[in-house]
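Here is a short briefing to read alongside the sequence and the 3D view. Please keep both open as you go through it.

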Amino acid sequence: MWQAEVRVDLDAIRHNVAVLGAGTGAEVMAVVKGDGYGHGAVPAALAALDGGATWLGVCTLDEALQLREAGITVPVLSWLLAPGLPLQRAIAADVDLSASTTELLDEIVRATAEAGRAARVHLKIDTGLARGGASAEDWPALCVAAAKAAATGDIELVGVWSHFVYADVPDHPTIDRQLAAFRAALTVAENHEINPRVRHIANSAATLTRPDAHFDLVRPGIAVYGLSPVAGRADNFGLRRAMTVRARVLHAKRVAAGQGVSYGHTYTTSGATTLALVPLGYADGVPRAASNLAPVRLAGANRAIAGRVCMDQFVIDCGDDPVAAGDVAVLFGNGDDGAPTADDWAEAVGTINYEIVTRMGSARVPRVYDGERTTA
């Protein structure tokens with residue numbers, strides 16, 4: 001018998017990647033960073049590959065090596081690398097590395113000697129996001145250094161890439177400006193005899209709405225898990241939400257009108273009512289900001305959390321509806337049964353659906369998979 005669980009529908013991930021792939025002539029890199037956006041990196045990766053993805057994307061070196069240790073052999077790009085990491089491990093494991101500076105490129109080249117093989121490298125250009133990526137001023141020098149390293153056989157120049165600022169608003173003027181900057185950077189690279197196999201800039205939103213940004217490879221992340229990156233799309237682009245979070249009621253009891261509920265008594269009952277205790281809290285990823293706001297489906301209706309979310313639990317006011325210990329409370333799911341979705345939670349607490357799913361789960365709340373493939 002389970003108490004609380006994060007349930008993941010891997011067939012939904014397969015479906016979503018197939019939908020994304022059907023909308024482009026480019027290859028699909030399924031992004032599985034952040035432990036697969038809270039869905040589990042390895043199971044999500046395997047399902048994405050089943051759905052037609054041919055690449056995987058992660059942030060950290062450890063995330064990339066986790067996929068390799070699971071027996072996954074497709075190209076994997078890791079793009080968030082601090083100085084001094086054991087890059088030779090990544091190179092030996094055939095992990096693609098992103099470089100935005102000549103300093104990092106030099107580290108990669110030095111690591112190839114210990115790895116005993118050339119490194120697969122993607123050069124990143126900052127087209128306006130102002131995070132990682134070489135500036136337009138530094139880009140020519142990075143191209144010169146990369147072309148030299150490629151000529152000596154130290155690196156294989158696999159890709160040139162960038163990332164959008166505002167693709168979740170498909171007609172936002174920054175998109176066209178970034179595409180122009182990206183094409184200009186590609187021209188500079190070509191002038192330095194850099195002709196990458198893959199050019200990529202499209203995230204989930206651009207994959208779904210901007211075919212002019214697809215180039216050779218698209219990098220959907222949140223859409224892989226069935227959540228829309230573009231607000232206000234009632235059809236959800238045909239994607240299926242993969243995560244359901246639910247728990248069994250631990251205790252239900254009647255209380256009188258005027259009873260304060262949970263820490264600080266920020267909620268007070270308006271009449272005699274039944275309170276249900278749900279064993280999930282902020283230690284499990286439930287935002288404390290969901291207090292008195294976020295919807296939960298219990299006893300046939302969606303009801304806001306009553307009072308503050310605690311570390312391990314929260315309370316639902318069920319009125320006079322019948323509820324008992326063991327009944328299932330659904331925080332969010334695919335929405336097909338009327339239960340709230342991650343989008344509903346995001347709207348309630350003033351965040352984005354990415355954060356809601358990525359933070360869910362803990363050592364004491366297992367992920368349970370439907371349709372799991374156990375081997376690579």
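Leaving aside its neighbours within four places in sequence, Trp 161 is in contact (heavy atoms within 4.5 Å) with Trp 79, Ser 98, His 122, Leu 123, Lys 124, Ile 125, Phe 182, His 200 and Arg 219. This is a predicted model, where local features need pLDDT of at least 70 and side-chain atom pairs count only at pLDDT 80 or more, while totals for chains, interfaces and linings use all residues. Residues are numbered from 1 along each chain as its sequence is written, and side-chain values use heavy atoms, with hydrogens and water left out.

**Around Trp 161**

- Trp 161 sits in strand 7, which covers residues 155-161; helices (H or I, at least four residues) and strands (E, at least two) are DSSP runs, numbered from the N terminus.
- Trp 161 counts as buried because its relative accessible area is 2%; buried means under 20% relative accessible area, exposed over 50%, and partly exposed in between (1.4 Å probe, protein chains only).
- Ile 125 is 36 residues away from Trp 161 along the chain, and the C-alpha atoms of the two are separated by 6.3 Å.

**The annotated lysine**

- The UniProt annotation "modified residue: N6-(pyridoxal phosphate)lysine", from an unreviewed entry, covers Lys 33; UniProt positions are given in the numbering used here, feature names are shortened, and annotations may be inferred rather than shown by experiment.
- You can find Lys 33 in helix 2, residues 33-37.
- Is Lys 33 buried, partly exposed or exposed? Lys 33 counts as partly exposed because its relative accessibility is 29%.
- Setting aside neighbours within four places in sequence, Lys 33 is in contact with Gly 57, Val 58, Cys 59, Glu 63 and Trp 79.
- With a relative accessibility of 31%, Asp 35 counts as partly exposed.

- Glu 27 has its place in strand 2, residues 27-31, and is partly exposed, with a relative accessible area of 29%.
- Leaving out neighbours within four places in sequence, the contacts of Glu 27 are Thr 54, Trp 55, Arg 197, Val 198, Asp 216, Leu 217 and Val 218.
- The C-alpha atoms of Glu 27 and Arg 219 are separated by 8.8 Å, although these residues are 192 apart along the chain.
- Val 6 belongs to strand 1, residues 4-9, and counts as buried at 1% relative accessibility.
- How many residues apart in sequence are Val 6 and Gly 361? They are 355 residues apart in sequence and 6.4 Å apart in space, C-alpha to C-alpha.
- Beyond neighbours within four places in sequence, Val 6 is in contact with residues including Met 243, Thr 244, Val 245, Met 360 and Gly 361.

**The C-terminal domain**

- For residues 242-370, UniProt lists "domain: Alanine racemase C-terminal", again from an unreviewed entry.
- That span is 11% helix and 34% strand, and its end C-alpha atoms lie 10 Å apart.
- Ala 299 lies in the loop between strand 15 (295-298) and strand 16 (301-306), and its phi is near 55°, a positive value in a residue other than glycine.
- Ala 299 is partly exposed, with a relative accessible area of 35%.

**Cysteines**

- A disulfide is a covalent bond between the sulfur atoms of two cysteines.
- A search of the whole structure finds zero disulfides, where a disulfide is taken as a pair of cysteine sulfur atoms within 2.5 Å.
- Cys 318 is buried, with a relative accessible area of 1%, and Cys 59 is buried, with a relative accessible area of 13%.

**The whole chain**

- The secondary structure comes to 11 helices and 19 strands.
- Of the 376 residues of the chain, 50% count as buried.
- Taken along the principal axes, the C-alpha atoms fill a box of roughly 80 × 45 × 40 Å.
- Among contacts with a separation of 6 or more, 66% are accounted for by residues 24 or more positions apart.
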